[in-house]
Amino acid sequence: MKLRKITALLAASVMTVCAATAATASAADCIFVKRIRGDVNFDKRIDSKDLDAVKIHIRRNCLKGDSFCAADVNWDGKVDSKDVKALEAHIKGKKKIHTGDANTTNYIEFFDVTAVMDYIIGQKPLNNTQRYAADVNGDNLVDIEDYLMIRDYYFS
Ligand SMILES: [Ca+2]
Ligand SMILES: [Ca+2]
Ligand SMILES: [Ca+2]
């Protein structure tokens, strides 16, 4: 009886979370989002918790706004199995995504902010993997726009 009650309560709380956030963001909304792709729960690291959040979204359509954009890892305006695959590849270290994690430590930290600025002003080079991660708006350039997005994310 008690267990049943707890299970019911848990189910209700999950539903509340989903109901409160049941909406999506358009691809256009995501272009301007300041959040880092893949970090769905905004704890500044990309790990299995984010992967779980994306999988739950696919079943229940729970994510919206910045969370939805962060979950749209491949920038196609949809959150689906392709994003799960991209996130898995990133976590396993097989293929990194545009995260802002310029020094590839799986955290967004102050060093990422300074690394991008150092690269822009020609102080310190970035390798291919680092440049890819630093190009957070995905326009194939690492420039002031990426710097501002990473900086804003770090200080948010
Ligand atoms: Ca995270
Ligand atoms: Ca996607
Ligand atoms: Ca860029």
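Predicted model: local features only at pLDDT ≥ 70, side-chain atom pairs only at ≥ 80, totals over all residues.
Start with the overall picture. The protein has eight helices and zero strands. Along the sequence the pattern reads α-α-α-α-α-α-α-α. The protein has 156 residues, and 32% of them count as buried. Now contacts. Take the ones between residues at least 6 apart in sequence: 60% of these join residues at least 24 apart.

Let's go to H8. This helix covers residues 144–155, twelve residues in total. From first C-alpha to last, H8 reaches 16 Å. That is close to the 16 Å expected at 1.5 Å a residue.

Which residues of H8 are buried? They are Asp-146, Tyr-147, Met-149, Ile-150 and Tyr-153. Those residues cover an arc of only 165° around the axis, so they sit on the same side of H8.

What do the buried residues of H8 pack against? Two helices: H6, residues 110–120, and H7, residues 128–134.

Take the H6 and H8 pair. Their axes come within 9 Å. The crossing angle is roughly 165°. H6 and H8 are therefore roughly antiparallel to each other. As for handedness, H6 passes H8 in a left-handed crossing. On the H6 side, the contact is made by Phe-110, Asp-112, Val-113, Val-116, Met-117 and Ile-120. H8 supplies Ile-144, Asp-146, Tyr-147, Ile-150, Arg-151 and Tyr-154.

Now look at this from H6. The buried residues here are Asp-112, Val-113, Ala-115, Val-116 and Tyr-119. Down the axis of H6, they fall within an arc of 165°, so they line one face of the helix. What covers them? The cover includes H7 and H8.

Next, another pair: H3 and H5. H3 is residues 48–60, and H5 is residues 81–91. They pack at an angle of about 175°, with their axes 10 Å apart. That makes H3 roughly antiparallel to H5. Which residues meet? From H3, we have Ser-48, Asp-50, Leu-51, Val-54 and Lys-55. From H5, they meet Asp-83, Val-84, Leu-87, Glu-88 and Ile-91.

One residue from that list deserves a slide of its own: Val-54, in helix H3. Is Val-54 buried or exposed? Buried, because Val-54 has 25 C-beta neighbours inside 10 Å, and the cut-off for buried is 20 or more. Who are its contacts? Leave aside neighbours within four places in sequence. Val-54 is then in contact with Val-40, Ala-71, Val-79, Asp-83, Val-84 and Leu-87. Among these, Asp-83, Val-84 and Leu-87 are also on the H5 side of the helix pair. One spacing to check on screen: Val-54 and Ser-67 are 13 residues apart in sequence. In space they are 9.4 Å apart, C-alpha to C-alpha.

To recap, briefly. H8 packs its buried residues against H6 and H7. H3 and H5 are roughly antiparallel. Val-54 is buried, and its contacts include Leu-87. That's it from me.

Methods: Residues numbered from 1 in each chain as written. Chains lettered and ligands numbered in written order. Helix = DSSP H or I, 4+ residues; strand = E, 2+ residues; numbered from the N terminus. Expected span 1.5 Å × (residues − 1). Buried ≥ 20, exposed ≤ 12 C-beta atoms within 10 Å, placed from the backbone. Arc of directions from axis to C-beta. Contact = placed C-beta atoms within 7 Å. Axes fitted to C-alpha atoms, helices over the stretch in contact; angles between N-to-C directions. Parallel < 35°, antiparallel > 145°, perpendicular 65-115°, else oblique. Left-handed = near helix turned anticlockwise from the far one by under 90°.
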